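Work through the following exercises with the sequence and the model at hand. Each begins with a task, and a stepwise solution follows it.

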Amino acid sequence: QVQLVESGGGSVQAGGSLRLSCTVSGTRSSSLCMGWFRQAPGKEREGVATIYRADGSTVYADSVKGRFTISQDNYKNTLYLQMNSLKPEDTSMYYCAAEYSVLRWCQRSPKSDEYTYWGQGTQVTVSS
């Protein structure tokens with residue numbers, strides 16, 4: 001059973017940076033698509049970025065391209081999301097997610113209802 005635990009959220013002013021971490025346990029499989037999603041109050045959960053564990057290939061939502069970077073440390077079994085140039089509209093609960101998949105599946109625009117494993121979420125608040 002894959003278990004995910006996020007950390008690193010907090011409050012920051014616009015233009016600031018935060019790094020989220022997600023510790024992955026219960027699997028060492030390389031056929032794993034891991035992603036970050038976010039959900040603001042009253043809005044649908046949206047995909048932010050994904051990374052395929054086997055080769056590190058990444059996909060980003062247009063809204064975060066050039067500002068956010070998803071990465072992984074397979075030795076530590078940890079997923080990261082480096083968030084720079086944060087904007088008030090980035091304020092959300094951020095979730096780590098994982099799904100066993102092939103590379104091509106992971107390279108599509110991520111959809112939250114297609115992921116089986118989820119963390120509990122970590123809040124990010126950006127003030128203007």
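A residue is called buried when its relative accessible area is under 20%, exposed when it is over 50%, and partly exposed in between, with a 1.4 Å probe and protein chains only. The model is a predicted one, in which local features need pLDDT of at least 70 and side-chain atom pairs count only at pLDDT 80 or more, while totals for chains, interfaces and linings use all residues. Residues are numbered from 1 along each chain as its sequence is written, and side-chain values use heavy atoms, with hydrogens and water left out.

**Exercise 1. The fold as a whole**

Solution. Begin with the inventory, for which helices (H or I, at least four residues) and strands (E, at least two) are taken as DSSP runs numbered from the N terminus. As a next step, take the extent of the C-alpha trace, which spans about 40 × 25 × 25 Å along its principal axes. Finally, turn to burial and contacts: 45% of the 128 residues count as buried, and, with contact meaning heavy atoms within 4.5 Å, 60% of the contacts between residues at least 6 apart in sequence join residues at least 24 apart.

**Exercise 2. The disulfides**

Task: Find which cysteines are paired, and work out the pairing in sequence order.

Solution. The criterion for a disulfide is a pair of cysteine sulfur atoms within 2.5 Å, and a search of the whole structure with it gives two disulfides. One of them is formed by cysteine 22 and cysteine 96, with their sulfur atoms 2.1 Å apart. This pair links distant parts of the chain, since cysteine 22 belongs to strand E3 (residues 18-25) and cysteine 96 to strand E9 (residues 92-100), 74 residues apart. The link of cysteine 22 and cysteine 96 is left-handed, with -75° about the S-S bond, and both of these cysteines are buried.

Now take the disulfide that joins cysteine 33 to cysteine 106, where the distance from S to S is 2.1 Å. Distant parts of the chain are linked by this pair as well, with cysteine 33 in strand E4 (residues 32-39) and cysteine 106 in helix H1 (residues 103-106), 73 residues apart. The torsion about the S-S bond of cysteine 33 and cysteine 106 is about 75°, so this disulfide is right-handed. Cysteine 33 and cysteine 106 are both buried. When the bonded cysteines are numbered in sequence order, the pairing reads 1-3, 2-4.

**Exercise 3. Positive phi values**

Task: For asparagine 77 and serine 85, state the phi angle of each and decide whether each counts as buried or partly exposed.

Solution. Recall as background that most residues other than glycine have a negative phi. Asparagine 77, in the loop between E7 and strand E8 (78-83), has a positive phi near 55°, and at 8% relative accessibility it counts as buried. Serine 85 lies in the loop between E8 and E9; its phi is also positive, near 50°, and at 41% relative accessibility it counts as partly exposed.

**Exercise 4. The surroundings of two residues**

Task: Locate serine 17 and glutamine 72, and list what each one touches.

Solution. Serine 17 sits in the loop between strand E2 (10-13) and E3 and is partly exposed, with a relative accessible area of 40%. Apart from residues up to four places away in sequence, serine 17 touches Val12, Gln82, Met83, Asn84, Ser85 and Leu86. Of these, glutamine 82 is 65 residues from serine 17 in sequence, yet their C-alpha atoms are 7.5 Å apart in space.

Glutamine 72 belongs to strand E7 (residues 68-73) and is partly exposed at a relative accessible area of 22%. Its contacts, leaving aside neighbours within four places in sequence, include Met34, Ile51, Tyr52, Arg53 and Thr78. The C-alpha atoms of glutamine 72 and tyrosine 100, 28 residues apart along the chain, are separated by 16 Å.
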